[in-house]
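Subject: Structure handover

Hi,

Here is the structure for you to look over. My notes follow below it.

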Amino acid sequence: MASTRLYTKGRILGHKRAKRNSRPNTSLLQIEGVASKDDTKFYLGKRVAYVYKTKTEVRGTHVRVIWGRITKTHGNSGVVKGKFKHNLPPHSFGASIRVMLYPSSI
């Protein structure tokens, strides 16, 4: 039986920013297979997980997660804005994220 995963892959592009100011409370995300503003409407409100590994072990694991939510679109090329429970660190730029397919709006 083929494995079924409840998420699609994505990438962290960086913080929302102006020319000189960075706004770390909002992050820009690119979802795999999404290339237009219309395609992003399905993902609004979906949960996002940034999963990363650490050196120190906490509660028996080296894996940690920062959870967030997709809030709105950004531009016309399929990029979305997301807010995370804790602001994403700059070393996460370019890293993979998991865009969960819940909560469902269908």
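Two strands count as paired if DSSP finds at least two bridges between them. Strands (E, at least two residues) are DSSP runs, numbered from the N terminus. By that rule, β4 and β5 are an antiparallel pair with 6 bridges.

Some ground rules. This is a predicted model, in which local features need pLDDT of at least 70 and side-chain atom pairs count only at pLDDT 80 or more, while totals for chains, interfaces and linings use all residues. Residues are numbered from 1 along each chain as its sequence is written, and side-chain values use heavy atoms, with hydrogens and water left out.

**Strands and turns**

Start with β4 and β5. Lys72 sits opposite Lys81 of β5. Thr73 has Val80 as its bridge partner in β5. The two strands form a hairpin with 4 residues between them. Gly75 lies in that turn, with a positive phi of about 80°.

β4 (residues 61-74) also pairs with β3 (residues 47-58), antiparallel, through 8 bridges. Tyr50 faces Ile66 of β4 there. This hairpin has 2 residues between its strands, and Arg59 takes a positive phi near 55°.

Which strand pairs with β5 over 4 bridges? That is β2 (residues 22-31), again in the antiparallel sense. Leu28 stands opposite Lys81 in this pairing.

How enclosed is β5? Of its 6 residues, 5 are buried, so the strand is largely enclosed by the rest of the structure. Buried means under 20% relative accessible area, exposed means over 50%, and partly exposed is in between (1.4 Å probe, protein chains only).

**Surface**

Lys83 lies in β5, which spans residues 79-84. Its relative accessibility is 41%, so Lys83 counts as partly exposed. Lys83 also belongs to a positive surface patch, together with Lys16, Arg23 and Lys72.

Patch members have over 30% relative accessible area and no salt bridge; like charges are joined within 9 Å, and nonpolar side chains (Val, Leu, Ile, Met, Phe, Trp, Tyr) within 5 Å. Lys and Arg count as positive, Asp and Glu as negative; His and the chain ends are not counted. A charge is placed at NZ of Lys, CZ of Arg, CG of Asp or CD of Glu.

There is a nonpolar surface patch too: Leu6, Val63, Val65, Trp67 and Tyr102. Together they have about 430 Å² of accessible area. Areas come from the Shrake-Rupley method with a 1.4 Å probe; for residues, only the protein chains shown count as cover. Leu6 is in the segment before β1 (7-17). At 59% relative accessibility, Leu6 counts as exposed.

How many salt bridges does a search of the whole structure find? It finds 1. A salt bridge here is a side-chain nitrogen of Lys or Arg within 4 Å of a carboxyl oxygen of Asp or Glu. The partners are Lys41 and Asp38, with the closest N and O atoms 3.7 Å apart. Both Lys41 and Asp38 are exposed.

Last, Asn87. Asn87 is in the loop between β5 and β6 (96-100). Asn87 is partly exposed, at 42% relative accessibility. The C-alpha atoms of Asn87 and Asn25 are 5.5 Å apart, although 62 residues separate the two along the chain.

Best wishes
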